[in-house]
Amino acid sequence: MNETESSFNLETYIQRVVQFTENQMDSLVPSEQTRPAKLHQSMRYSLFAGGKRMRPALCLAAVEACGGKWEDAARMAAAVEMIHTYSLIHDDLPAMDNDDYRRGKPTNHKVYGEGMAVLAGDALLTQAFEILADWPGTSGFTAATAVKELAVTSGSLQLIAGQAADLEAEGQEVSLEDLEYIHLRKTSALLTCSVRLGGMAADASSEELEALSKFGKSVGLAFQIVDDLLDITQTSEKLGKTAGKDEVANKATYPSLVGIEKSREMASSLTQEAYEALSMFGSKAVSLKALAHYLLERDY
Ligand code: GRG
């Protein structure tokens, strides 16, 4: 560990990210009183229910790695968290994963009903693009480029592809290759997009964006493997969502396909690859590196 790394305090860093992102979202999303009030309450219920805010954290850390300021990526940080929250609301619906508990609270549809939960997800998804469309851009990147980055990530070849493949995999034989197809899309895609948007906010070079893509891909797969492990080893209270669901649903996961030990090894080796992708940023990547380490070692 070098001097910059040893003086870096991740806990304080994450607290600042949470505050910054929540302030942004609060100022950008219509108030709970805005008509139709129930819709806006439902959107805000899930948006402000907690959550680790890892996508904004990665986005803001990527701005730093590329020499920019958080302010430049404020809209990106809000937009990626809104897309993430929409995906969680829809994923929890009875037609998908049918979950009652998320971020330590009853799921959106349990509180607001299925119809309103679908609409809250739709509205968060749509508003994320509106927010990004108002980003002023840099000399190298326009708002349209950033909007396209988020749209491709959220579309039928990435996020939704992962979810569709996951739905289709239920009750089927799933290979390690199939599992990687799903998680590169369900999990890595939005993490990669978060760091790439942060890079764009700092007017990153194409080499820097390429390095951020490699970092996001590795961190994303490691994140998913750790998520699968936590589903087995942690309680619902600790996770804030239903633990042990994968086994009950007989779902293919990394531990079910390769075992717990091998899964841990894979997550460590992917995190190592993520660190290596950061070499060109030097000490400016201290926060990205600390976040990758945290995502590997987290216990919820
Ligand atoms: C388009 C409906 C739809 C879904 C897309 C992202 C996704 C696919 C589904 C969401 C559910 C899920 C299990 C996604 C995999 C990624 C993952 C482990 C998400 C949980 O993210 P955390 O742990 O959650 O960062 P918090 O609550 O901390 O923000």
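I sort residues into classes like this: Ala, Val, Leu, Ile, Met, Phe, Trp, Tyr, Cys and Pro count as nonpolar, Asp, Glu, Lys and Arg as charged, and the others, Gly among them, as polar.

**Ground rules**

I am working on a predicted model, where local features need pLDDT of at least 70, side-chain atom pairs count only at pLDDT 80 or more, and totals for chains, interfaces and linings use all residues. I number residues from 1 along each chain as its sequence is written, and side-chain values use heavy atoms, with hydrogens and water left out.

**Entry: the ligand shell**

I began with the ligand. By class, I found 5 nonpolar, 7 polar and 6 charged residues in the shell around it. A residue is near a molecule or strand if one of its heavy atoms lies within 4 Å of it. Which of the 18 residues around the ligand come nearest? I noted K52, R55, H84, D91 and R103.

Next I asked where the shell comes from. Helices (H or I, at least four residues) and strands (E, at least two) are DSSP runs, numbered from the N terminus. I listed α5 (74–92), α9 (159–169), α10 (176–201) and α11 (206–233), and each supplies at least two residues of the shell. The largest share, 6 residues, comes from α5.

I looked up polar contacts. A polar contact is a pair of N or O atoms within 3.5 Å; within protein, one must be able to donate a hydrogen and the other to accept it, and residues adjacent in sequence count only if both atoms are side-chain atoms.

- H84: I read 2.7 Å between a side-chain N or O atom and an oxygen atom of the ligand.
- R55: I read 2.8 Å from a polar side-chain atom to a ligand oxygen.
- R103: I read 2.8 Å from an N or O atom of the side chain to an oxygen atom of the ligand.

How much of the ligand does the protein bury? Taken alone, the ligand exposes 710 Å², and the protein buries 92% of that. Accessible areas come from the Shrake-Rupley method with a 1.4 Å probe; for residues, only the protein chains shown count as cover.

**Entry: backbone in the loops**

I turned to the loops. The peptide bond from R35 to P36 is cis, with omega near 0°. I placed P36 in the loop between α2 (10–28) and α3 (37–47).

R53 is not a glycine, yet its phi is positive, near 60°. I found R53 in the loop between α3 and α4 (54–65). Is R53 buried or exposed? R53 counts as buried, because its relative accessibility is 1%. Buried means under 20% relative accessible area, exposed over 50%, partly exposed in between (1.4 Å probe, protein chains only).

D203 also has a positive phi without being a glycine, at about 55°. I placed D203 in the loop between α10 and α11. At 31% relative accessibility, D203 counts as partly exposed.

**Entry: buried residues in helices**

I looked at S263 in helix α15 (residues 260–277). S263 is buried, with a relative accessible area of 0%. I read 3.5 Å from a polar atom of the S263 side chain to the backbone oxygen of Y254.

I went on to A117 in helix α7 (residues 114–133). A117 is buried, at 0% relative accessible area. A117 and I89 are 28 residues apart in sequence, and I read 6.7 Å between their C-alpha atoms.

A57 belongs to helix α4. A57 counts as buried at 0% relative accessibility. A57 and T21 are 36 residues apart in sequence and 8.7 Å apart in space, C-alpha to C-alpha.

I ended with A292 in helix α16 (residues 286–297). A292 is buried, with 2% relative accessible area. How far apart are the C-alpha atoms of A292 and H40? I read 33 Å, for residues 252 apart along the chain.
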